[in-house]
Amino acid sequence: MSLIGVVGAGVMGVGVAQNLAQCGYEVVLVDKDEETLAAARATITRNCRLSALMGGPALDADEILARITTAVGVPAVAKASVVIENVTENWEVKRQVHREIDEACAPDTVVIVNTSAIPITRIASLSSRPDRTVGVHFMNPVPAKPVVELIPGVHTSPETVRRTRELLTGMGKKAVEVKDSAGFVSNRVLMLTVNEAAYLVYEGVASAADVDEVFRGCFGHPMGPLETADLIGVDTILYSVEVLYEHYADSKYRPCPLLKQMTDAGHHGRKSGRGFYTYDS
């Protein structure tokens with residue numbers, strides 16, 4: 001695993017790239033434009049400088065960035081032995097990106113899908129080598145979260161699972177293997193909780209702050225569900241709930257209209273500066 005490709009330089013892609021580089025891997029991080037990549041480099045620099053202040057390890061930003069090459073366009077990951085895809089939870093976007101990955105990469109490349117809800121077998125159907133496609137649901141912030149969900153699809157080979165586990169171990173992650181099912185374990189539960197919490201605000205039952213205070217104070221959660229939504233991204237929450245609603249055809253997954261309105265308004269949470277709460281730029 002001499003070179004790892006990371007497709008998508010948003011919140012999750014930046015976290016994955018940083019985690020890999022921290023652990024000594026050489027990384028090529030790609031996105032659709034140089035502006036996004038410049039922002040990604042700036043975010044990694046800031047994350048490294050804040051790491052020790054937030055209780056993490058002391059990190060040398062220059063050393064970590066020296067292991068990360070950035071490039072515009074999926075073809076730049078062609079020489080990677082493993083490619084980790086991290087684009088938005090939107091089927092049309094995922095479909096296009098995976099077709100480009102399939103065209104760019106060698107037949108023995110392992111393609112890891114970082115998704116919070118979309119079934120891995122569905123994504124693997126876009127590939128000419130579905131046995132080399134596997135799901136890993138990383139948690140945010142990636143460098144700080146020690147556990148991931150590992151999701152083999154119907155066609156994923158044991159060798160692909162073995163290679164993926166090897167990489168995850170090298171990243172300092174414990175992999176919990178679960179079956180391929182929309183939302184897997186974490187988000188089949190979490191997204192229902194966040195969606196219902198959004199309904200409480202939408203219906204005027206309680207403010208976002210009060211909803212979160214109940215969860216922190218009564219259940220000992222370090223973050224309430226709506227603080228969590230802002231951290232993950234309100235748009236990502238919406239897309240994930242929509243995947244669950246489409247896949248299971250169950251009304252309990254009906255997306256809260258407030259999530260749709262906030263996504264349309266660009267109120268995506270921490271990454272946009274405003275979500276259920278307002279954040280300093």
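The axes themselves are lines fitted to C-alpha atoms, for helices over the stretch in contact, and the angles run from 0 to 180 degrees between N-to-C directions.

The model described here is predicted, so that local features need pLDDT of at least 70 and side-chain atom pairs count only at pLDDT 80 or more, while totals for chains, interfaces and linings use all residues. Residues are numbered from 1 along each chain as its sequence is written, and side-chain values use heavy atoms, with hydrogens and water left out.

Two helix pairs can be set side by side, where helices are DSSP runs (H or I, at least four residues) numbered from the N terminus.

| Pair | Angle | Axis distance |
|---|---|---|
| H10 (residues 234-248) and H11 (residues 257-265) | about 135 degrees | 9 Å apart |
| H9 (residues 225-232) and H10 | roughly 100 degrees | within 6 Å |

H10 and H11 are therefore oblique to each other, whereas H9 and H10 are therefore roughly perpendicular to each other. In the second pair, contact (heavy atoms within 4.5 Å) is made by Ala-229, Asp-230 and Ile-232 of H9 together with Val-234, Thr-236 and Ile-237 of H10.

Elsewhere, Arg-129 lies in the loop between helix H5 (120-124) and strand S6 (133-137), a strand being a DSSP run of E with at least two residues. Arg-129 is buried, its relative accessible area being 9%, where buried means under 20%, exposed over 50% and partly exposed in between, with a 1.4 Å probe and protein chains only. The side chain of Arg-129 reaches the backbone oxygen of Cys-105 at 3.2 Å.

Notes. A polar contact is a pair of N or O atoms within 3.5 Å; within protein, one must be able to donate a hydrogen and the other to accept it, and residues adjacent in sequence count only if both atoms are side-chain atoms. Angles under 35 degrees count as roughly parallel, over 145 as roughly antiparallel, 65 to 115 as roughly perpendicular and the rest as oblique.
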